[in-house]
Amino acid sequence: MRLIKVQEFLAMHRQIMQQVDTQIQIFAVCDDAVTKYCILSHRWTEGQEVNYEQMKDLVKLDNAHEILSWHGYQKILKACSVADGLFEYLWADTCCIDKRSSSELSEAINSMFRWYKNSSRCYTYLHDTSDFPTDPDFAKFPNSDGWPEWFSRGWTLQELIAPSDLQFFHKDWKAIGNKWGKATELKRITGVPLRVLMDGLSSYRPSFAEVMSWAAERRTTLVEDEAYSLIGLLSINIPMLYGEGKKAFQRLQLEFMRMSNDQSVFAWRTSKVGSTEAVENTDGGNTQEMGWTSGVLPDGPVAFKGCHNIIQMEPKEFYRSLSTMWESDAQALAANGECETLLHFTITNLGIQIHLPLRPYYGCPSVFQVALACRRRSNLMPLTIDLAAFGPFYYRHSGADGPTQPFAQNRNLRLAYQVPPLSCLPQQDEI
């Protein structure tokens with residue numbers, strides 16, 4: 001990783017201010033696994049950040065003194081001033097990545113969670129407040145749900161969770177607390193559990209749905225970053241393809257399924273296709289306003305709003321609880337009658353192959369209630385979703401009404417994650 005040499009940066013700044021020619025090199029390439037460094041977390045300011053090329057050639061630029069007044073430069077200057085005497089190196093995402101290189105940018109994004117985790121200290125700068133927030137203030141922060149903007153951004157979620165030592169600073173760079181001391185307030189603001197705030201993800205592996213719920217109401221400038229900002233939290237790697245739009249989140253989910261058999265990836269719920277409002281249910285099922293059919297993967301983390309208390313179920317627990325809920329023999333519900341394991345997903349360009357227990361609805365032979373190996377913390381019974389069969393594929397469906405048939409079975413399904421043209425989808429009168 002490329003790091004700023006703190007003392008050299010401060011020396012360069014002084015020499016530029018004194019209009020003294022300088023040849024100081026302020027960057028060094030280091031191994032994050034063995035180097036002691038601090039790291040900056042902040043909210044970007046449009047048009048005010050200093051990139052790698054500008055910082056590297058700052059002394060040669062005609063507008064160097066103008067750049068020194070930019071908010072982004074001042075952040076790095078203040079962070080280096082705080083770090084001076086404590087750390088030799090500092091990393092900042094604005095100027096330590098040469099974003100002209102797509103390979104360097106992709107490597108940095110895939111490594112970023114690890115870089116924050118391996119840092120000795122994270123300086124978190126809240127540019128729009130003079131104290132640490134304890135209550136939402138919608139008049140002061142109308143565009144970020146009543147909290148300082150840092151708490152509403154997609155990238156800052158991993159920057160909150162990964163570092164073990166995180167210190168907050170207000171707009172004038174005065175320390176206003178650390179992550180451990182503010183853990184209770186942070187849980188309230190972010191929805192991230194206390195044990196994750198205190199220990200990171202080393203001792204607790206949340207479900208896919210729970211991680212997505214933390215990101216559900218966060219925003220990114222680029223739509224692709226909704227997905228890219230989450231790869232470290234899921235311990236996966238994907239190539240960066242800016243310009244792909246919402247397909248980035250689909251690739252994120254597919255790559256996660258190649259690494260895990262966590263079925264909570266299907267536990268998202270919305271009120272209707274394209275809705276951004278999640279629906280909370282008391283029985284773990286689905287409550288929708290109108291019928292719809294779609295692919296089995298949503299196009300953004302907002303679909304997981306309200307999924308903060310979804311946890312995975314061990315196979316024996318899942319089949320035992322499901323046999324009670326559906327009043328069926330557990331072995332009849334398991335793939336090949338085996339209740340000790342859950343089969344992994346198989347991902348192809350035609351769909352997702354998976355064994356799932358299901359039972360059809362009365363009067364709707366092509367619509368099925370399907371059980372997932374996950375549940376709410378407050379409910380011992382597995383969550384269910386509805387799927388509609390159309391040709392060889394099964395689609396996520398809403399609108400089924402009435403009781404299900406008692407004949408449960410485990411079936412090898414091919415789930416469609418790419419939605420065909422609307423004319424090819426099953427219509428309500430065909431189901």
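Phe-169 stands opposite Ala-175 in E7. This is a predicted model, in which local features need pLDDT of at least 70 and side-chain atom pairs count only at pLDDT 80 or more, while totals for chains, interfaces and linings use all residues. Residues are numbered from 1 along each chain as its sequence is written, and side-chain values use heavy atoms, with hydrogens and water left out.

Strand E6 (residues 166–169) pairs with E7 in the antiparallel sense over three bridges. Helices (H or I, at least four residues) and strands (E, at least two) are DSSP runs numbered from the N terminus, and two strands pair if DSSP finds at least two bridges between them.

E6 and E7 belong to an open sheet of seven strands, with the order E2-E1-E4-E3-E5-E6-E7 and mixed pairing. Its edge strands, E2 (27–29) and E7 (175–178), each pair on one side only. On average, neighbouring strands of the sheet are turned by 30 degrees against each other, direction ignored.

Helix H1 (residues 6–17) packs on this sheet and touches strands E1 (2–5) and E4 (89–91), its direction making about 55 degrees with that of E1. Axes here are lines fitted to C-alpha atoms, for helices over the stretch in contact, and angles run from 0 to 180 degrees between N-to-C directions. Contact means heavy atoms within 4.5 Å.

The loop between E2 and E3 holds Thr-35. Not counting residues up to four places away in sequence, Thr-35 touches Leu-3, Cys-30 and Tyr-89.
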